[in-house]
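Hi everyone, and thanks for coming. Let me put the sequence and the structure up on the screen, and then we can walk through them together.

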Amino acid sequence: MFKYVIQLILGFLTLLMSTAISWYEGSGIIDNPLEWKYSTPVSQIFNIEINNGQDISQLDYFVYAAKFQPFFPTIMTVSVLYICTVVIFFIFQLNRQLAIILSGIISCVFIVISGIFVSP
């Protein structure tokens, strides 16, 4: 039990740090109006008209960071996968059936999310 708690704490700290750095790196989109059309899919989904940098959705910062400086967004993704894996391993020791169902649900969620971001 203790080893899972330590791993989860380290996973969440890594996620928090990489999220903050990615958010900072992605804020560079405010100063790059040429990329507003190509790197703001979240704003386009919600039909937000971008007239200045303040109109850009905060989630588009992560898209911009992943597009031009992908190191910390990759660390974010890996840390989320690691946290999910640790939780599934812990639940697997308690209830195998629940762990299998949970891993299937998490897999479906990741497939849907990747389909949203990869679709043309």
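Let's start with Phe71, which has a relative accessibility of 56% and so counts as exposed. By that word I mean over 50% relative accessible area, while buried means under 20% and partly exposed is in between, using a 1.4 Å probe and protein chains only. Before I go on, please keep in mind that this is a predicted model, where local features need pLDDT of at least 70 and side-chain atom pairs count only at pLDDT 80 or more, while totals for chains, interfaces and linings use all residues. Residues are numbered from 1 along each chain as its sequence is written, and side-chain values use heavy atoms, with hydrogens and water left out.

Now, how many aromatic pairs does the structure hold? There are three. The rule is that rings of Phe, Tyr and Trp (its six-membered ring) pair if their centres lie within 6.5 Å; planes under 30 degrees apart count as stacked, over 60 as edge-to-face and the rest as tilted. In one of them, the ring centres of Tyr64 and Phe68 are 4.9 Å apart and the planes meet at 50 degrees, so this pair is tilted. Both residues belong to helix H3, four residues apart, or about one turn of the helix. Tyr64 is buried, at 11% relative accessibility, whereas Phe68 is partly exposed, at 42%. Phe71 comes back here with Phe72: their ring centres are 5.0 Å apart and their planes stand at 80 degrees, so that pair is edge-to-face.

Let's step back to the whole chain. It has five helices and zero strands; helices here are DSSP runs of H or I with at least four residues, strands are E runs of at least two, and both are numbered from the N terminus. Along its principal axes, the C-alpha trace spans about 55 × 25 × 20 Å. Buried residues account for 28% of the 120 residues.

Helix H1 covers residues 2–26, which makes 25 residues. From first C-alpha to last, H1 reaches 36 Å, close to the 36 Å expected at 1.5 Å a residue, where the expected span is 1.5 Å times one less than the number of residues. Which residues of H1 are buried? They are Tyr4, Gly11, Leu15, Ser18, Ser22 and Gly26, and their cover includes H3 and helix H4 (71–94).

Last stop: Ser57, in the loop between helix H2 (41–45) and helix H3 (58–68). Is Ser57 buried or exposed? Ser57 is buried, with a relative accessible area of 16%. Setting aside neighbours within four places in sequence, Ser57 is in contact (heavy atoms within 4.5 Å) with Val42 and Ser43. Lys3, by comparison, sits 54 residues from Ser57 in sequence and 38 Å from it in space, C-alpha to C-alpha.
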